[in-house]
Structures are given as structure tokens and as C-alpha cells.
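Welcome! Please take a moment with the sequence and the 3D view below, and then we will walk through a few places together.

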Amino acid sequence: MEDIAKLCIHTMTTKPWPIEVAIEQYRAHGIPGITVWRQALDGHDPFEIGEKIRSAEMEIVSLCRGGFFPAVEKADRQTTITDNLKAIDEAAELGAPLIVLVPGAVPGQSLTKSRCQIQAGIEAILPKAIELDIKLGIEALHPMYADSRSAINSPHQANDMCDEIDSLNLGVIIDVYHLWWEPNLKVEIDRCGQAGRIFAFHICDWKTPTLDLLNDRGLMGDGCIDVPKIRKWVEHTGFEGHHEVEIFSHFFWQMDQTEYLKEIINAYLQYC
Ligand code: ZN
């Protein structure tokens, strides 16, 4: 039987819990890794939260999230860059080695233009990330979000942008929810691996039917994603990082979160 030595949970997965409760509950259930969402840090000192996590002997896997670079107005793009620079400070204070970047998109603006703005945004924040030793991971999102959340919709595009920008601090997030359908997924995962740029691996499942495009993700085993197959491809490249459970779900957020956490662990042990 697999153990949970590589299991990591995103604070957004158990959104109803304040960060202190999430830390305490994850620790009590032996979860070794945590990815902290910036919303969970609202009103907290990132360093103090980092200390709480370290004293619970858990690893901070990443800070979620930066990005959302495209905007019609230059002033708005600059505001986003400023916020991303702040996220890099927060990651450094927290002790997170990685920031997940959701690239962003603007309804009505061409995807090509948005991709240019994403690249410009990343290039604007990269020097600070390098200075503070924080990695940035581009997360390609499922094409259903191409209108408003991400103009980068395939691992191929994420890889191309990494090639273009060419920095050891810039890599890719492999999230099964966004990429499971991709016909060339293995090829692109291998390409990421050869470049040493798989920075994180996110897991959940795709339900049929999906009732809400954003907040109806499934627990591993609830849907059609072959998580073990994708995990094998990712690990075949030499990736030794965590398996991060990232589930947004009105259904699960209504549950008793301690019971839900137990279900997450069981699903991980059975279906990953
Ligand atoms: Zn993700």
C-alpha cells in the first residue's frame, strides 16, 4: 500500500478552515505538505504562519497564487505586476519556494495578445523571484477557461513560454484537472522533465457531469482522470515532489471538513 509521505493539501481544498485549523488538522492526520493560498494569509503575518507550519513539521510546498497578467489597460497590468511582486515577498516571508502562476486572460482580447502580456508580466517579476530565490510555475489551464482565466491552455504553450524566457526559476505546474485530455501530454511532460522544469504536480478528478466550471472538482477516483498514469509519467522524468490535492468544490466545502480530510487520504491511497 502506498503511504502518504508525498501528500500535500492546498488550503483552498479545505476552504472553510482558517489557516491555523488547516495546519493543526493536516498535522494531526499526518499530512506532510501544505500549499498555502494567499486568501488564507489575509490578516496574518506570513512569517508567523510559516513558523507554525514548520513547528508542525510540515513542508510548505508553494504559495498559490500569482499571475493574471493580461489586462486591457497598461495601468491595470502594472497593478497586477505590483501585486505579483508582493506575492514574491509573501512567499519569501512564509518560506514557500514556489509561486503558482495562473496566467490570466481577458474576455474579448485575443489569446495571442494575452500571451504576450503574460510573458511581459513574468519577465517583469522574474528578477525579484531570482533575487529572493523563489521559483515561478506556469499552470496551463483547461481550455474552458481560455476566455477569462488563462490564455495558456496546453503544456506545449507553457513549455514554449519557458523556452522563450529561459530561466531556471521558471517552470511548469502539471495539474491533472487541466491537462488530462491532452493527446501529447506524455511528450510534453517528458519535455518539461528534460528541461528540469516540473515544479509541482496537482491532483483531483473530473466529474461527469461537471455542474460548475470552477467549483465542482472531484476527489480522486470520482471521475475520469487516470491519475496513476499521469503520476507515473511525471515521476518517470525524475520528479520527486509532492502530490498536491487541489479541489475546489461547493459540495465538499459543505461537508464536515475533518471527515472530508479522511476521505481525501483514503482516495489518495486508493486511486493515486
Ligand atoms: Zn493546480
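Which residues are buried in helix H2 (residues 46–55)? In this predicted model, they are Pro46, Ile49, Gly50 and Ile53. Looking down the axis of H2, you will find its buried residues within an arc of 105°, so they line one face of the helix.

Next, let us visit the metal site. The zinc ion is held by Glu139 (OE), Asp175 (OD), His202 (ND1) and Glu246 (OE), with distances of 1.9 to 2.1 Å. The arrangement is irregular, because the 4 donor atoms subtend angles of 85 to 164° around the zinc ion. Along the chain, the zinc donors are spaced as E-x35-D-x26-H-x43-E. Histidine 202 belongs to strand S7 (residues 198–203) and glutamate 246 to the loop between S8 and H9, so this pair ties together parts that are 44 residues apart in sequence. Histidine 202 counts as buried because its relative accessibility is 0%, and glutamate 246 counts as buried too, at 2%.

Now for the aromatic rings. The model has 6 aromatic pairs. One of them joins tryptophan 37 and phenylalanine 248 edge-to-face, with 5.5 Å from centre to centre and 85° between the planes. Tryptophan 37 lies in strand S2 (residues 33–37), while phenylalanine 248 lies in the loop between strand S8 (243–245) and helix H9 (250–253), so the pair ties together parts that are 211 residues apart in sequence. Both partners are tucked away from the surface: tryptophan 37 is buried, with a relative accessible area of 3%, and phenylalanine 248 is buried, with 8%. Elsewhere, Tyr177, Trp180 and Trp206 make up one aromatic cluster.

| Charged residue | Ring below it | Distance to ring centre |
|---|---|---|
| Lysine 15 | Tryptophan 253 | 4.2 Å |
| Arginine 217 | Phenylalanine 248 | 4.2 Å |

Definitions and conventions: Residues numbered from 1 in each chain as written. Predicted model: local features only at pLDDT ≥ 70, side-chain atom pairs only at ≥ 80, totals over all residues. Heavy atoms only, no water. Phe/Tyr/Trp six-rings, centres within 6.5 Å; stacked < 30°, edge-to-face > 60°. Helix = DSSP H or I, 4+ residues; strand = E, 2+ residues; numbered from the N terminus. Buried < 20%, exposed > 50% of the residue type's maximum accessible area, 1.4 Å probe, protein only. Lys NZ or Arg CZ within 6 Å of the ring centre and 35° of its normal. Donors = N, O, S within 2.8 Å, 3.2 Å for Na, K, Ca; no water. Tetrahedral: all angles 85-135°; square planar, octahedral: opposite > 155°, others 65-115°. Arc of directions from axis to C-beta.
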